[in-house]
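Hello,

Here is the structure I promised to pass on to you. Have a look at it first, and then read my notes below.

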Amino acid sequence: MTTIISTLFITLDGVAEIDFAWHGPYFDEAMGECVSADYEGVDVLLLGRGTYESFAGAWPEREAAGGDDAEFGALIGDTRKVVITSGEQDLGWRNVERATDPVAAAQALRAEGVGKVLIPGSLPVVRALLDAGELDELHLLVHPIAARSGDRLFTEGAPMVPMTLLRSTALPTGVLALEYAPVRTES
């Protein structure tokens with residue numbers, strides 16, 4: 001059975017467009033363990049173009065450098081990546097394929113019987129899958145700060161999305177690791 005999970009760094013006021021100014025001071029070993037747990041057993045990364053470019057711009061170099069991040073860089077590089085993009089340019093990394101529609105891509109992965117699909121960042125992809133009922137879990141690392149500006153996870157005017165809390169953990173920095181499942185409603 002396929003499980004599609006979104007994992008996001010987010011502020012108290014819902015900003016999920018990552019900015020080192022609010023994220024950096026809170027990233028510690030405990031948060032690293034939460035992030036690593038999300039990546040355990042991942043079969044496919046489903047990425048928006050912006051997140052993919054960020055990953056492809058950093059992780060291959062970190063892997064090649066052989067430092068502390070090399071093992072995680074190799075994990076991301078070796079994992080199958082489906083990138084949502086309308087462009088035809090070379091994606092330039094290993095194990096990567098393109099798709100144009102996030103909902104169709106998620107449905108195709110389910111039809112393939114892929115086990116765990118992880119969506120790091122990629123707000124437009126997450127929103128589309130939430131709206132289509134294709135997201136199984138939403139993992140949030142809620143930082144104890146109000147960013148006051150930036151792209152928010154939930155936009156104005158969209159329908160409400162009820163959630164069930166699956167797990168919660170308070171990290172030493174005050175970050176809350178929250179895992180939710182959207183409540184499926186009968187149509």
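How do the residues of the lining of the second largest pocket divide into nonpolar, polar and charged? The answer is nine nonpolar, three polar and three charged, where Ala, Val, Leu, Ile, Met, Phe, Trp, Tyr, Cys and Pro count as nonpolar, Asp, Glu, Lys and Arg as charged, and the others, Gly among them, as polar.

Please keep in mind that this is a predicted model, in which local features need pLDDT of at least 70, side-chain atom pairs count only at pLDDT 80 or more, and totals for chains, interfaces and linings use all residues. Residues are numbered from 1 along each chain as its sequence is written, and side-chain values use heavy atoms, with hydrogens and water left out.

A pocket here is an open set of points on a 1 Å grid over the protein atoms alone, where a 1.4 Å probe fits and protein lies on both sides within 12 Å along at least five of seven lines; lining residues have an atom within 4 Å of a point. Volume is the space filled by probe spheres set on the points, which are joined across faces, edges and corners.

The second largest pocket has a volume of about 280 Å³. Its lining has 15 residues, with L130, D131, G133, V183 and T185 closest to the centre.

The largest pocket holds about 1,100 Å³. Among its 33 lining residues, F9, I18, H23, F55 and W59 lie nearest the centre. The largest share of that lining, seven residues, comes from α3.

Enjoy exploring!

How values were computed. Helix = DSSP H or I, 4+ residues; strand = E, 2+ residues; numbered from the N terminus.
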